[in-house]
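User: I would like a close look at one part of the structure shown here, with an account of its surroundings.

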Amino acid sequence: MTVPEQATTTPEPLLTVSGLVKHFPIKKGLLQRQTGAVQAVDGLDFDVRPGETLGVVGESGCGKSTMGRLITRLLEPTSGKIEFEGKDITHLGTAAMRPMRRDVQMIFQDPYSSLNPRHTVGAIVGAPFRLQGVTPEGGIKAEVQRLLALVGLNPEHYNRYPHEFSGGQRQRIGIARALALKPKLVVADEPVSALDVSIQAQVVNLLDDLQDELGLTYVIIAHDLSVIRHVSDRIAVMYLGKIVELADRRALYETPMHPYTTALLSAVPVPDPRRRARRERILLKGDVPSPISPPSGCRFHTRCWKATEVCKREEPPLVALATGHQVACHHPENAPGQAPGQVAGPVRSATKKTES
Ligand SMILES: Nc1ncnc2c1ncn2[C@@H]1O[C@H](COP(=O)(O)OP(=O)(O)O)[C@@H](O)[C@H]1O
Ligand code: SF4
Ligand SMILES: [Mg+2]
């Protein structure tokens with residue numbers, strides 16, 4: 001059963017992605033003949049609404065960074081369509097992209113390699129103005145100092161170099177740079193993964209505060225759900241180049257439908273001991289298979305405890321099983337009409353065990 005999307009109240013999406021594909025060719029030999037392709041992103045459909053935070057999660061190698069680089073147009077898609085504010089930007093050239101570059105910014109994972117060590121903080125945060133030929137009111141220096149204060153850094157440190165800052169401070173510099181041109185959409189690729197656990201929350205909270213203050217829209221990528229759990233409005237779960245589940249945060253946490261989501265959730269620490277006792281721990285077997293020759297049918301079938309014959313044969317389409325809750329699975333959990341936790345497919349194997 002397909003439930004139509006919420007109709008009248010939803011505003012026009014800021015970003016709409018349809019059928020987005022990125023295959024990296026594999027070339028061999030002297031003639032550099034293409035012998036195959038890394039199917040990094042293999043048919044994504046989603047939108048991002050103004051003012052929301054869309055969280056994107058999945059294990060390493062699932063295509064999250066490739067997706068981020070596609071929607072910020074740092075990578076050329078193999079096929080599919082990207083629309084920003086209703087305008088098709090899929091194949092815009094450098095010149096035509098220039099105005100759009102201001103509106104869409106990216107924050108990178110590694111605050112060590114993404115900042116040029118030979119440039120001062122002032123030069124780094126001020127670079128977007130110079131690149132775009134924009135002079136802010138009051139001049140670049142004053143604006144950079146305002147940005148440094150905005151992200152919680154000392155404006156007096158304008159002339160310091162990246163190595164003089166801690167990891168968390170460097171990521172704040174990256175955030176200041178991303179915000180310089182007042183973007184509408186910010187794509188943050190694992191913005192805190194490289195940071196000490198003790199300061200991860202501070203940086204995530206900073207992003208959250210800045211969103212309210214500046215009316216930003218976010219796509220935040222993470223490899224597990226713990227980091228983005230509190231800040232995401234909706235969450236997309238990726239597995240091997242595809243979205244396997246997309247839902248409001250609450251629905252995803254309370255009634256996850258895809259077995260892969262259930263497995264990812266089971267790895268998130270639960271602070272409440274009463275709930276912890278009921279939470280089953282699911283151990284995923286093995287690694288993510290290679291995106292060069294992904295499994296047939298449902299790509300998750302080689303690791304799924306609910307897999308049946310049909311899973312190996314037929315790829316489950318991403319469909320809405322409840323309002324705003326899309327899932328790609330032949331035997332979804334928590335589907336409407338079932339009691340929560342009830343299993344639609346075969347009985348779970350012993351790879352699931354109850355935490356004590
Ligand atoms: N430039 C590239 N050339 C070839 N393969 C790539 C390239 N970038 C990423 N990949 C491959 O695409 C897959 C998805 O990578 P990535 O998007 O970085 O995943 P994630 O961010 O989820 O870890 C991986 O198998 C990776 O090795
Ligand atoms: S389609 Fe089958 S293999 Fe894939 S997640 Fe659902 S139950 Fe598991
Ligand atoms: Mg990545």
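Between which helix and which strand does the loop that holds Arg 73 lie?

Analyst: The model is a predicted one. In it, Arg 73 lies in the loop between helix 1 and strand 4, the latter spanning residues 79-84. As a general rule, most residues other than glycine have a negative phi. Arg 73 is also buried, because its relative accessibility is 7% and the cut-off for burial is under 20%.

A second residue may be set beside it. Leu 240 is not a glycine either, yet its phi is positive, at about 45°. Leu 240 sits in the loop between strand 9 (residues 234-239) and strand 10 (residues 242-248). With a relative accessible area of 1%, Leu 240 counts as buried, because that value falls under 20%.

Among the residues around ligand 1 are Phe 24, Val 38, Ala 40, Lys 64, Ser 65, Thr 66 and Pro 291. By class, the shell divides into five nonpolar, five polar and two charged residues.

Several polar atoms approach the ligand. A polar side-chain atom of Ser 65 is 2.8 Å from an oxygen atom of ligand 1. For Gly 63, a polar backbone atom lies 3.1 Å from a ligand oxygen atom, and for Cys 62 a backbone N or O atom is 3.2 Å from an oxygen atom of ligand 1. Taken alone, ligand 1 exposes 560 Å², of which the protein buries 61%.

Strand 1 (residues 15-28) and strand 2 (residues 33-48) pair in the antiparallel sense over twelve bridges. Within this pairing, His 23 has Gln 39 of strand 2 as its bridge partner. In a regular strand, side chains alternate between the two faces of the sheet. Four residues stand between the two strands of the hairpin, where Gly 29 takes a positive phi near 75°.

Key: Residues are numbered from 1 along each chain as its sequence is written. Chains are lettered from A and ligands numbered from 1 in the order in which they are written. This is a predicted model: local features need pLDDT of at least 70, side-chain atom pairs count only at pLDDT 80 or more; totals for chains, interfaces and linings use all residues. Side-chain values use heavy atoms; hydrogens and water are left out. Two strands pair if DSSP finds at least two bridges between them. A residue is near a molecule or strand if one of its heavy atoms lies within 4 Å of it. A polar contact is a pair of N or O atoms within 3.5 Å; within protein, one must be able to donate a hydrogen and the other to accept it, and residues adjacent in sequence count only if both atoms are side-chain atoms. Accessible areas come from the Shrake-Rupley method with a 1.4 Å probe; for residues, only the protein chains shown count as cover. Ala, Val, Leu, Ile, Met, Phe, Trp, Tyr, Cys and Pro count as nonpolar, Asp, Glu, Lys and Arg as charged, and the others, Gly among them, as polar. Buried means under 20% relative accessible area, exposed over 50%, partly exposed in between (1.4 Å probe, protein chains only).
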